[in-house]
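Please open the model in the viewer and follow the stops below in order.

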Protein chains: 2
Amino acid sequence: MTGSSQLLIVALLASPFSKLPAQRQDPADPIRREYQAAADRIIAAATADSAAWNKLAELTDGFGHRLSGSDALERAIDWILERMRAEGLENVRGEPVMVPKWVRGHERAELRAPRHQELPMLGLGGSVGTPPGGIEAEVLVVSSFEELGSRAALARDRVVLFDVPFTNYGQTVAYRARGANEAARVGAVAVLIRSVGPFGMRTPHTGAMAAYDSAVRRIPAAAITAEDAAMLRRMQGRGQRIVVRLEMDAHQLPDVPSRNLMGEIVGREKPDEVVVLGGHIDSWDVGTGAIDDAGGVVAAWEAVRLLHRLGLRPRRTIRAVGWTNEENGLRGGQAYRDAHRDELERHVVAIESDGGTFKLRGFGFTGGDSAYAMVRQVARLLKPLGADTVLRGGGGADIGPIMALGVPGMSHLVDGTRYFWYHHTPADNVDKVDPRELAENVAALAVMAYVLADLPDALPRGGAVIRDY
Amino acid sequence: MTGSSQLLIVALLASPFSKLPAQRQDPADPIRREYQAAADRIIAAATADSAAWNKLAELTDGFGHRLSGSDALERAIDWILERMRAEGLENVRGEPVMVPKWVRGHERAELRAPRHQELPMLGLGGSVGTPPGGIEAEVLVVSSFEELGSRAALARDRVVLFDVPFTNYGQTVAYRARGANEAARVGAVAVLIRSVGPFGMRTPHTGAMAAYDSAVRRIPAAAITAEDAAMLRRMQGRGQRIVVRLEMDAHQLPDVPSRNLMGEIVGREKPDEVVVLGGHIDSWDVGTGAIDDAGGVVAAWEAVRLLHRLGLRPRRTIRAVGWTNEENGLRGGQAYRDAHRDELERHVVAIESDGGTFKLRGFGFTGGDSAYAMVRQVARLLKPLGADTVLRGGGGADIGPIMALGVPGMSHLVDGTRYFWYHHTPADNVDKVDPRELAENVAALAVMAYVLADLPDALPRGGAVIRDY
C-alpha cells in the first residue's frame, strides 16, 4: 500500500486535468465526447441513494461469515443468484468449484505463567489442531526469522512467538505464511504470531498460512493480539518464564462443492467479448466479511444492475463475478480460468475490487502501453468523483490466473488507511463501509466497465506489460 | 469532554503567556521567581527516562486486572507498598476498606434468530446472572428511554436492547446505569445496551450499573458491541424476528477487605497540612486497567518518588494515594474521608488523575476565586510542558467525598480523544500509554503538588466555589 500511495501522490501532482471545463468540450477527446453524458447519468444514478449499502447490509447481516465449505457461503450465493435473476440480469449462474473445507472448531490460548490470563487468539487458516488436551509449553519470543535462526537451540519443545510489529502487509504477512514451517524446523511445538495489522483493540487477525512443508512437523499456528505479543516480549525481557496453553480443534475436511457466481449484460454487437469485474464472495469465519470482500462483489453486481436499469447495453458483454474461495485456496480464480479458457482471448479486461470499498481514487492497470493510455482516457470520465487516477500495476488474487494467460488486469485504488485495521478480524462488518463511498465505487466500476465494453475497438493486447502490483 | 475542549481552546487563544522569556524574569511574579528553577529541575528529571512507563508496565503486566475483591488487586497493592518503602517514601501504608466483590463468571450471548452468531459481550458490573440454563427470548430494540416508554407493551418477556449511539459519556452512560431498571419496569427479562464508547473494533465495554430498584425485578444486564447492536436494529427494521440467548453466572459475594494505599513526603514545617494526589488502583476485570487507572496511580506515586529523589521536601506533607474500589462502589474514597475526617481541614488540595495519562494540557480546579488565581500562577511553571491551562471545574470520583466537605479539588486536563475508545475494554493496556506523555503527567503533578505544599501561605479556602465539573 505504501508504494502505491507514493505513486498516487506523484500522479496527482502531475495531473494534467486541472482545467476540466475546457477539456470537457475538447473535440479531440472522442471518449469524452461520446461517453461523458452516459457517465454522468451513471454517476448520478449510483449516488442517488444507498441501494448498494443496503444490499451489502442485507447480505452480510443475513448470512454472516462465508468461509469456504460453510452452508452460509452457499446460501449467500443462492440469494445473490436469485436476486440477480429477479433484477433481470442475464446468464445468471453458479459455476461449480470444489473448495477446501477447513474448520476452526473450539480454540483458546491462555497465559499460564508468570500469571494466568486469557489470550484472545485466532487460529491461522490451514493450521492443524493441537493434540487432545492441548499443548502447554514455555514460550520463546523472537522478532524475526533471523533472530529465530540465531536462537534456534532455545526453540526446541517451545512455543515460538513471532512478535513482529506491522510495517506493511507484504513484509509482515511473511510470518503468518511461513511462521509454522520455520518454527517447526527448529523443533518448536506450536507457533504464535503477533496479528498482522497496524492497529487493533486487543483484536486478533486470522488469515491463511502457507502449506505445511512436508519435511517438518505440522505444528498448530495461531495469531494473538499485538498487545499481548508485546507483553510477552516484555516479560521475556524481564527474565520471566512464560508458559502458554493452546487448545485448537482446527482440522481439514474433504473438499466440498461451491460456485463462482455471475450475472451479465450480454453485448449487443460482440456478445462473446467480455469485460469481467468482481470480487470474492467467500470470507474468513470472523466478522461478516463486508470489507473483505462482500463490498467488492456488491459493487460489481450493483454496477451491472445499474447499467441494466438505465438501459445501457454496450457492444460487448459485461460479467459481474463473485469468485469463491479466495481466502484459503484460490480455487475460484483457477476454476474460472479453466472453465473460460477458450474465451480468454476475447476477455477485454478483468477488474477486481478486493481492497475495501473505501474512498475511490481511480484504478491500477496491468497491460500494454496503448491499452494503458486508453484506460487513462476512460478514467477522465470519473473526474467528477475524483477517481480519475490510473496507475501502472493492478490486478487481484482471483484474476491472477487469467492475467497469467494474457488478460489485462485492473484493480480499484482506494484510500487504504484503515483496510488492515479490520482485515480478517471480527470487526470486518458493514458499518465500516460508508454508503456514499460504496456508491462511488459502484459508479466508477459501472462507467469503466461500460465504456471499455462499448468502445468501437477493444482494448488492445500486447505491448510492454508492466506487472508491478 | 466536548465542553471542556471548547473551553480549552478559548483559554489558549486568550493566553497571556506568549512572551514567556520576559515574564520568566518578572520580579512581580514571586512564584516564578521562587519556584521556576525547581520546576525545571523536576521536569528535566521526570522526562529524562521512561521510569514511570516501565513501572506501569511492570504493574499491569505483572498483576493484570485488579477488580475489587480479586487477589490480583491485593497483590498489586502489596507490591506497590513494598516498592514505596524501598524507595524511601514515608508513612507507607494500606488503610483498610471493605469492598464489594462482584464476580463475572462464565458469560456469553448468542444470536439465535434470524441466524446463529456469537455476540461478543460483557456483563455490566453489579448485574445478577441469568437463571441456570440461561435466558432465550425475543429482542425489542429501542434507541431511548422515551422510545421504550412508547413501546412498553412490546417489551414484556423480551430482551430489551438500548441501541444508543455514543454522543458523550454523561449522556450515553445513562443507559448503562438505568437500562436494567427501566427495562424491568415494563416487564423485560433482560437488558442489553450498545457499548458506551465512540469507537470499537467489535469491542464490548463493561462498567457499573446503578443499584437495582427494589420495586422491580432484578434482570441481567450486559453490553454488546456497537456493530452488533446496529445489526440487530437493522434486522428489526426489516421485520425480522430476533431471538438472543444470554448466559451469565454473574453474582455478588460478601464484602471483602481491601486497602487505600499511600506513601508520603512529610512536610518539613507543617507536616499535618497535606496535599493529596492520586488515582484508583482497582480496575475492571478486562484488559489490565492501565489507562483506567493504574496510570493515574503511577503518575502520582512517581511524582512523590521524584521529589524524594531530588531531595525536595516541601513545607507541607505530600501524600500519593491509590484509592480502592472506584469502579464499582467508591468505597475507597468514602473510607478515606472517614479515616481522615479530622485532618480534612488541613487538606490543602486533592488532585485526582483519572482521565488517562494522555498529553497533558493543565488542570481543572474546584475551589474559591483566590485559590483559583493562585493555582493559575503555579501552573505558569508548567509552560515548558504546554500544561499551564487551568480551567474552572475539576475533581474526581475518589476525592468527591472530601471535596463535599470543603477540600478544594483538582483533576488533570488531558487530550481525551481516545480515552473512551479503550475505557472498560479488554484493550485498556499499557501500550495505549505513551512514555513521554506519562512522564509529562508525572512532571506536572510533581511541580503542582510541590509548590502548593511549599508556598508560605496555604491555598485559601472559601470564596465562590464553582463546581461545574
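A residue counts as buried if 20 or more other C-beta atoms, placed from the backbone, lie within 10 Å of its own, as exposed if 12 or fewer do, and as partly exposed in between. This is a predicted model, in which local features need pLDDT of at least 70, side-chain atom pairs count only at pLDDT 80 or more, and totals for chains, interfaces and linings use all residues. Residues are numbered from 1 along each chain as its sequence is written, and chains are lettered from A and ligands numbered from 1 in the order in which they are written.

Select residues 435–454 of chain B, which form helix 14 (helices are DSSP runs of H or I, at least four residues, numbered from the N terminus). Of the 20 residues of helix 14 of chain B, 17 are buried, so this helix is largely enclosed by the rest of the structure.

Next, display both chains. Chain A superposes on chain B by a rotation of 180° with 0.0 Å of shift along its axis, at an RMSD of 0.0 Å (least squares on the C-alpha atoms of residues with pLDDT of at least 70 in both copies). That is the relation of a two-fold axis. Select M201(A): among the residues of chain A, its C-alpha comes closest to the rotation axis, at 3.1 Å.

Finally, select the contact between the chains, where residues pair if their C-beta atoms, placed from the backbone, lie within 7 Å. Chain A contributes 21 residues and chain B 21 residues. On the side of chain A that touches chain B, helix 4 (51–63) and helix 8 (226–237) each supply at least two residues. Helix 8 of chain A gives the most to that side, with 5 residues.

Conventions:
Contact = placed C-beta atoms within 7 Å. Expected span 1.5 Å × (residues − 1).
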